[in-house]
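Dear colleague,

Please find the structure we spoke about below, followed by my notes on what turned up in it.

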Amino acid sequence: MPRPRLRVLAVLLALGALLAVSALPAQAAAYRYWSFWQRSGDTWTYAQTGPALDRPDDGSVEGWRFAASAEAQDSSKPRDVPGATSFAAICTGTPPKGGTKRIALVLDFGTAADAGGGAAPPAPRTACAQVPGDATGADALAAVAKPLRYNSAGMVCAIAGYPKTGCGEPVAEGSGGAGSASASKSPAPQASGDSGGDGGGPSVGWFAGIAAVLALGGAALWQARRRRG
């Protein structure tokens with residue numbers, strides 16, 4: 001390959017590498033917030049919709065965990081409450097009733113490290129919400145864990161009055177908690193547990209950058225050919 005073309009190729013590769021690096025997601029701090037989970041068998045799964053859109057069936061088990069974490073699918077899932085890990089165990093004292101459904105809830109208020117500032121969180125507990133058949137996950141939570149506190153975006157800030165202040169605030173690096181800020185990769189929590197976002201795909205600006213690289217490369221090749229002609 002002629003030397004001008006080699007130089008052009010080297011420039012294209014260098015610019016492409018820079019664009020690839022700039023397209024990587026920036027690291028974000030960990031956040032202190034309530035996350036929303038659903039249980040199937042022995043497994044907790046991070047809820048893909050917020051509780052206001054969730055309509056659990058009778059016999060469902062849902063969980064909430066307060067934690068300082070950037071990885072919701074990691075160590076911030078609800079911890080099991082001894083002797084109450086299944087729907088049968090949690091709702092054993094709540095008989096079926098026509099026109100209603102029973103939702104078992106696990107409320108994990110987190111650890112002292114999650115709380116920050118030396119606060120002592122309440123012990124994890126369970127509750128059986130008996131709610132109308134068309135009730136949402138938010139309705140079930142409100143039936144057993146008042147007072148609740150929300151922010152203007154609809155994010156759950158406090159359950160059963162805990163914590164008294166704050167809502168999804170970033171956690172200072174090195175402050176501990178369920179997730180390390182220095183290793184965090186996730187964005188700020190979504191309102192009420194909604195997954196949100198665009199899946200982390202490349203942005204419009206990234207594609208525009210690629211187009212610019214190609215345009216520059218084409219111009220350079222054209223200039224090289226003119227010089228040779």
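Leaving aside its neighbours within four places in sequence, Trp 64 is in contact (heavy atoms within 4.5 Å) with Trp 34, Ser 35, Phe 36, Pro 51, Pro 78, Leu 105, Val 106, Leu 107, Asp 108, Leu 141, Val 156 and Ile 159. Please keep in mind that this is a predicted model, in which local features need pLDDT of at least 70 and side-chain atom pairs count only at pLDDT 80 or more, while totals for chains, interfaces and linings use all residues. Residues are numbered from 1 along each chain as its sequence is written, and side-chain values use heavy atoms, with hydrogens and water left out.

Trp 64 also belongs to the largest nonpolar core, which has 19 residues, and is among those that touch the most other members, together with Trp 34, Leu 105, Leu 107, Leu 141, Ile 159 and Tyr 162. Such a core is a set of buried Ala, Val, Leu, Ile, Met, Phe, Trp, Tyr and Cys residues joined through side-chain atoms within 4.5 Å, where buried means under 20% relative accessible area, exposed over 50% and partly exposed in between, with a 1.4 Å probe and protein chains only. Strand 1 (30–40), strand 3 (61–69), strand 4 (100–108), strand 5 and helix 4 each supply at least two residues of this core, and strand 4 gives the most, with three; helices (H or I, at least four residues) and strands (E, at least two) are DSSP runs, numbered from the N terminus. Apart from this core lies another, of 15 residues, among them Tyr 46, Val 81, Cys 91 and Cys 128.

In helix 4, the buried residues are Gly 137, Ala 138, Ala 140 and Leu 141. Seen down the helix axis, the buried residues of helix 4 fall within an arc of 160 degrees, so they line one face; the arc is that of the directions from the axis to the C-beta atoms. They pack against strand 3, strand 4, strand 5 and strand 6 (149–150).

Ring pairs link Trp 34, Phe 66, Phe 109 and Tyr 162 into a cluster.

Finally, the structure holds two disulfides, each a pair of cysteine sulfur atoms within 2.5 Å. One joins Cys 91 to Cys 128, with 2.1 Å from S to S, and is right-handed, with 105 degrees about the S-S bond; both of these cysteines are buried. In the other, the sulfur atoms of Cys 157 and Cys 167 are 2.0 Å apart, and the torsion about the S-S bond is about -70 degrees, so this disulfide is left-handed. Here Cys 157 counts as buried at 4% relative accessibility, whereas Cys 167, at 25%, counts as partly exposed.

With best wishes

Methods: Phe/Tyr/Trp six-rings, centres within 6.5 Å; stacked < 30°, edge-to-face > 60°.
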